[in-house]
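I opened this entry to look up how the parts of the chain meet. My notes follow in the order I checked things.

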Amino acid sequence: MLPSQPLLHTAVFALAVLQALASNTFIAAVYEHAVILPDATDEPVSPDDALALMNKNMDVLEGATKEAAQQGAHIIVTPEDGIYGWLFTRETIYPYLEDIPDPTVNWIPCTDPTRFAPAPVQERLSCIARNNSIYMVANIGDKKLCNSSDPGCPSDGRYQYNTDVVFDSEGKLVARYHKYNLFMSETQFNYPKEPEAVTFETPFGKFGIFTCFDILFHEPAVVLVSELQVDTMLFPTAWMNVLPFLTAVEFHSAWAMGMGVNFLAANTHYTSLSMTGSGIYAPDGARAYYYNMKTEDGHLLIAELDSHPRISPASPPAVSWSSYALSVKRFSPNDHDFEGLIFHDRFTFTELAKPEGNLAVCQKDLCCHLSYKMARKREDEVYVLGAFDGLHVVEGQYYLQICTLLKCKSTDLNMCGQPVETAQTKFEMFSLSGTFGTNYVFPEVLYSGVQLAPGEFKVLNDGCLISKTRPTKPVVTVTLFGRWYEKD
């Protein structure tokens with residue numbers, strides 16, 4: 001006699017749990033989704049039309065989830081805005097929203113869809129997770145009624161939140177997170193009254209979740225790692241790449257290394273807005289990543305990770321980020337220093353005029369030190385050492401300390417700091433360090449063609465970022481990106 005479906009489902013889930021526990025690793029998946037967007041409109045569409053659009057996107061996400069599960073994945077992360085897109089007003093997004101309950105209600109929408117208000121999106125996501133015995137992470141919109149007794153209640157009588165949800169392998173809602181740091185264009189959503197630090201336990205580690213712009217701020221991102229000690233961060237995002245430091249794959253890999261956790265980043269794919277770049281990152285480097293500005297295809301990534309990276313033998317040791325640089329004599333201002341802008345921030349630069357050498361450049365309290373040797377100095381490429389110590393104030397206010405070895409866009413020094421994706425210069429060696437006032441420093445190495453360098457550089461205990469290969473591949477940037485949260 002064949003086993004019944006419930007018994008079969010239970011057996012499959014139990015086997016997956018035992019496998020995860022036995023190996024102390026798990027298989028992660030992220031899906032970069034080319035979102036099917038709604039037609040531009042100034043008027044709200046009907047709930048049926050909104051659901052029809054969302055079902056088209058969920059059809060794609062369901063296919064990716066099924067494929068991930070067939071390859072053994074225990075969890076899949078899908079992007080921010082991945083189910084209904086973006087460019088909404090407060091009114092036009094309303095038909096796409098559902099009331100998402102607190103996960104403490106112990107609810108499986110797939111098997112009990114009528115327990116709360118109609119929630120066809122949550123029901124379908126729950127069923128996708130349940131039918132494939134996989135944890136599923138998705139980004140949708142939450143609506144909450146309020147009234148005049150609440151002084152913060154919007155005039156239309158409801159709160160609207162950019163929301164991540166997580167369903168476990170039985171389809172149960174186990175996490176709900178309201179995005180706290182909204183990007184400047186997200187006027188359709190409200191800010192939560194307080195930041196939420198959302199975690200959940202699995203047989204393969206402790207997980208935390210936040211969304212896109214949250215990564216640049218202390219709450220909730222740093223709280224989840226430093227105080228709540230999560231093993232793996234889940235990161236739905238709609239990331240618009242900003243070279244040279246805020247390229248998705250570059251910065252997300254660096255954040256995982258700097259924070260010492262696994263990081264699962266699922267980006268939307270929309271090249272017109274420079275949206276691409278997803279990855280599965282461990283503290284010692286990228287396990288898998290994807291960056292594609294040439295086509296409009298979605299892409300599934302799958303890789304194995306340590307369930308508890310903090311206690312993994314591969315986990316990098318703690319770093320004293322300013323130790324080496326503080327031991328070096330502070331240089332007087334260089335007559336050849338000049339200023340340039342990178343993403344609206346005014347850097348102090350000095351040129352790498354010789355094929356090898358030792359350089360320093362300072363701005364305020366930050367001094368950056370570089371030892372280097374080029375494999376061959378090219379006359380058609382210029383590199384600079386740059387320092388920035390200050391408050392970034394364009395799309396948000398956050399305090400940065402950055403040391404960077406950077407290829408300029410052309411031999412005209414006035415172009416230094418402009419976006420660059422390709423290079424031809426290789427280095428026999430480099431060592432970069434800085435007198436950082438923060439312990440939150442993220443190491444980045446980006447090669448020509450927006451290629452990461454996993455395993456090809458390391459950070460020493462004294463804070464030096466050094467090359468390991470001789471020569472390197474052609475270098476676009478080598479950067480120590482510091483965030484001094486207390487000075488925001």
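How many Å separate the centres of domain 1 and domain 2? I found 33 Å, taken over C-alpha atoms. Domain 1 covers 21–306 and domain 2 covers 322–487, with bounds from an automatic or database domain assignment.

I noted that this is a predicted model, where local features need pLDDT of at least 70, side-chain atom pairs count only at pLDDT 80 or more, and totals for chains, interfaces and linings use all residues. Residues are numbered from 1 along each chain as its sequence is written, and side-chain values use heavy atoms, with hydrogens and water left out.

Domain 1 puts in 27 residues and domain 2 puts in 30 residues (contact means heavy atoms within 4.5 Å). The buried area is about 2,500 Å², and carbon and sulfur atoms give 75% of that (accessible area, 1.4 Å probe, that the two parts lose on being put together, summed over both).

I then checked for salt bridges between domain 1 and domain 2 and found 0 (a side-chain nitrogen of Lys or Arg within 4 Å of a carboxyl oxygen of Asp or Glu).

Last, I went to the aromatic rings. I count 34 aromatic pairs (rings of Phe, Tyr and Trp, its six-membered ring, with centres within 6.5 Å; planes under 30 degrees apart are stacked, over 60 edge-to-face, the rest tilted). One of them is Phe 210 with Trp 255: the ring centres are 5.6 Å apart and the planes stand at 65°, so I logged the pair as edge-to-face.
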